[in-house]
Amino acid sequence: MSAPSGSVYWPTIPPPKPVDAQRRVVTDETGRPVSRASDPRVRWWEQRWLDPFGTSRRRRFSDKREAERFHEDLRAAKRDGWPACPKDGRPLSPKEQREREVAATLDVDRLVKEFLAACRGEWSPKTFQTYEPALRLAARWLREDGEGTYPPVAAVSRRDIERLLKRRRHTRLVVDASHPEGAYEHVDRDHTIVSAATLKNFKKALGFLFRYAEEQEHLIGPNPMNGIRLKNLTQRKVVVTPTLDELEQLFAYLGDPLGVIALLRGTTALRPQEVRGLRIRDVDTASGWLHVQDTRTTVASRYNPDGSSTVEGGLKHRARGQ
């Protein structure tokens with residue numbers, strides 16, 4: 001909370017005055033405040049002012065020089081438009097403003113601690129043990145990339161999340177009692193050395209964390225987890241499409257009855273579950289015909305109005321025109 005800049009928000013700042021134990025202003029013979037701190041009646045130097053929120057404030061100092069420095073801060077606040085602290089109404093210098101901004105900005109490490117504290121009572125111990133190491137590992141990696149400091153939560157981008165997932169795919173944690181930290185990281189950038197379940201749990205834990213940050217309004221902009229998908233852990237699969245000649249050679253090699261089924265599936269692109277219901281007699285290799293029939297599903301007779309124990313249906317179409 002801060003007041004807008006401009007001298008109008010800071011009223012006239014009176015100078016600090018010496019006061020006694022009853023906070024009465026100590027004056028000389030002429031009725032003016034004393035100018036010497038050696039006067040035995042002077043206990044403190046008191047500064048009174050009206051803050052930009054309209055509240056009357058006062059502050060005591062044991063040293064006149066400290067009171068004068070505070071008075072100069074008040075004058076600088078009036079001149080340069082410094083905001084005021086909402087708690088005690090004192091002016092906040094540019095340095096204090098920056099320090100408050102840093103303290104108010106939630107970083108990833110504090111977010112992880114806050115999130116785990118909130119989930120400790122909701123998650124089961126097994127679930128907590130599954131996700132806690134993943135979150136602490138992600139926070140540590142973000143700190144390493146942030147030159148030793150944890151980045152603000154709002155500064156984490158989609159690219160950072162993708163980089164974390166890629167690093168996790170190639171990093172395995174090895175428990176070693178002889179290691180100073182009790183474990184070390186084994187990295188192989190050329191091969192995937194974690195399971196698909198490990199990487200999925202890692203991504204799921206990050207998703208829980210940033211969803212919580214979004215609910216608590218710690219994020220500015222889109223959630224960095226939006227649209228993140230895990231790619232295949234292994235090498236890209238090579239799809240081999242056999243030609244008709246190769247299928248016929250396979251048919252000749254296998255012979256009946258397996259060769260008939262292989263030729264049928266290769267030329268019609270049937271799914272395995274669709275092939276499972278066929279029989280050898282349904283395939284006529286001499287004429288090239290495939291005999292199909294409507295589906296018949298066995299059900300309890302009480303479900304049919306006519307009392308029959310089967311339900312007949314039409315053919316399953318793969319696509320229009322096929």
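Let me start with one residue. Aspartate 39 is buried, with a relative accessible area of 12%. The cut-off for buried is under 20%, so aspartate 39 qualifies. Keep in mind that this is a predicted model.

Where does aspartate 39 sit? It is in the loop between strand 1, residues 17–19, and strand 2, residues 44–50. What does aspartate 39 touch, leaving out residues up to four places away in sequence? Val26 and Val34. There is also aspartate 28 to look at. Aspartate 28 and aspartate 39 are 11 residues apart along the chain, and their C-alpha atoms are separated by 9.8 Å.

Now the whole protein. It has 322 residues, and 29% of them are buried. The secondary structure comes to nine helices and nine strands. Accessible surface: about 22,500 Å². Carbon and sulfur atoms account for 49% of that surface. On contacts, take the pairs at least 6 apart in sequence. Of these, 47% join residues at least 24 apart.

Next, a helix pair. Two packed helices are described by the angle between their axes and the distance between the axes. Here the pair is helix 3, residues 108–119, and helix 6, residues 196–215. Their axes come within 10 Å and cross at roughly 95 degrees.

Last stop: helix 8, residues 258–268. Which of its residues are buried? Gly259, Val260, Leu263 and Leu264. Seen down the axis of helix 8, these buried residues fall within an arc of 135 degrees, so they line one face of the helix. An α-helix has 3.6 residues a turn, so residues three or four places apart point the same way.

What do the buried residues of helix 8 pack against? Three elements: helix 7, at 244–254, strand 6, at 283–284, and strand 7, at 289–290. After helix 8 comes alanine 269. Its phi is positive, near 55 degrees.

To recap. Aspartate 39 is buried in a loop. Helix 3 and helix 6 cross at roughly 95 degrees. The buried residues of helix 8 line one face. Over to you for questions.

Terms used. Residues numbered from 1 in each chain as written. Predicted model: local features only at pLDDT ≥ 70, side-chain atom pairs only at ≥ 80, totals over all residues. Heavy atoms only, no water. Axes fitted to C-alpha atoms, helices over the stretch in contact; angles between N-to-C directions. Helix = DSSP H or I, 4+ residues; strand = E, 2+ residues; numbered from the N terminus. Buried < 20%, exposed > 50% of the residue type's maximum accessible area, 1.4 Å probe, protein only. Arc of directions from axis to C-beta. Contact = heavy atoms within 4.5 Å. Areas by Shrake-Rupley, 256 points an atom, 1.4 Å probe, with all protein chains shown as cover.
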